[in-house]
Amino acid sequence: TPKMSPQGNDGKDGPADGAANGEEDEYKMGLWKAYDEAKRGQLGIHSAKPLVRKLKNAGEDFQALQLLNKSKKMKCVIEYVFDGSRFRLQITDPSMGDFQYGSFTLLLAGVTSPRVGNPRADPPTESEEFAGQARTFAEQRILQRELDVVLYGTDKSGVCIVGSLLHPKGNISVELLKNGLAKMTDWSVRMMSPADVPALRIAENAAKRANVG
């Protein structure tokens with residue numbers, strides 16, 4: 001089995017005696033140097049306690065209500081966009097303890113976008129009108145972004161969590177409504193703070209007047 005670092009005649013890490021000079025040797029020496037520095041610094045796989053992420057899923061490894069009882073606000077990365085108002089999130093907030101790196105489905109509070117169809121379902125389902133546009137709209141703005149998330153409650157199944165995304169450039173729910181890519185839903189609006197609802201109604205009414213979406 002080859003060793004990770006070559007040894008000279010003196011037994012110390014380094015190039016073997018008589019190694020030819022040239023670009024290839026310089027490249028190899030760069031690799032040995034980087035490896036040795038990482039090893040001395042106990043980085044990554046050389047750490048005394050390597051980082052191991054234990055991935056967990058809501059509904060399988062923990063219940064949505066457990067997460068809600070832990071905290072109502074946390075940092076998450078948007079892993080996947082199902083449609084304009086339904087996303088898969090991974091918790092990245094260290095303060096969440098055992099819930100860190102857990103994943104759950106978030107339903108945007110107060111709004112719902114057209115559903116994207118599933119051609120592999122039995123029977124296959126078609127996408128609703130404007131579903132593709134709504135999904136693309138959301139993907140371009142939040143996919144793979146780490147954002148603060150505020151949680152309010154769950155849907156009837158108790159698996160999906162209802163909440164809002166706090167984006168530094170604005171409210172994604174308002175933008176979806178403004179562009180005619182979502183409509184308001186009363187059942188989840190009731191979970192929100194009353195102060196946050198008027199912005200949604202103004203955006204939806206503006207889209208209706210402009211015949212958008």
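This is a predicted model: local features need pLDDT of at least 70, side-chain atom pairs count only at pLDDT 80 or more; totals for chains, interfaces and linings use all residues.
Visitor: Which residues of α6 are buried, and within what arc do they fall?

Guide: The buried residues of α6 are Val-197, Leu-200, Ala-203, Glu-204 and Ala-207. Seen down the axis of α6, these buried residues line one face of the helix, because they fall within an arc of 130 degrees.

Visitor: Which residues are exposed on the other side of α6, and what do its buried residues pack against?

Guide: On the other side of the helix, the exposed residues are Ile-202 and Arg-209. The buried residues of α6, for their part, pack against α4 (172–178), β8 (183–184) and α5 (186–189).

Visitor: How many residues has the largest nonpolar core, and which have the most contacts inside it?

Guide: In soluble globular proteins, nonpolar side chains tend to be buried together. Here the largest nonpolar core has 43 residues, and those with the most contacts inside it are Leu-67, Phe-87, Leu-89, Phe-104, Leu-151 and Leu-165. Leaving aside residues up to four places away in sequence, Phe-87 touches a list of residues that includes Ile-78, Ala-138, Phe-104 and Leu-165.

Visitor: How many aromatic pairs does a search of the whole structure find, and what kind of pair do Phe-62 and Phe-99 make?

Guide: The search of the whole structure finds 2 aromatic pairs. In the pair of Phe-62 and Phe-99, the ring centres are 5.3 Å apart and the planes stand at 80 degrees; since planes over 60 degrees apart count as edge-to-face, this pair is edge-to-face.

Visitor: How many residues apart in sequence are the parts that this pair ties together?

Guide: Phe-62 lies in the loop between β1 (56–57) and α2 (64–70), while Phe-99 lies in the loop between β3 (86–91) and β4 (102–108). Both Phe-62 and Phe-99 are buried. The pair therefore ties together parts whose separation in sequence is 37 residues.

Visitor: What kind of pair do Tyr-80 and Phe-82 make, and are these residues buried or partly exposed?

Guide: The ring centres of Tyr-80 and Phe-82 lie 5.0 Å apart with their planes at 70 degrees, so the pair is edge-to-face. Tyr-80 has a relative accessible area of 39%, which makes it partly exposed, and Phe-82, at 26% relative accessibility, also counts as partly exposed.

How values were computed:
Residues are numbered from 1 along each chain as its sequence is written. Side-chain values use heavy atoms; hydrogens and water are left out. Buried means under 20% relative accessible area, exposed over 50%, partly exposed in between (1.4 Å probe, protein chains only). Helices (H or I, at least four residues) and strands (E, at least two) are DSSP runs, numbered from the N terminus. The arc is that of the directions from the helix axis to the C-beta atoms. Contact means heavy atoms within 4.5 Å. A nonpolar core is a set of buried Ala, Val, Leu, Ile, Met, Phe, Trp, Tyr and Cys residues joined through side-chain atoms within 4.5 Å. Rings of Phe, Tyr and Trp (its six-membered ring) pair if their centres lie within 6.5 Å; planes under 30 degrees apart count as stacked, over 60 as edge-to-face and the rest as tilted.
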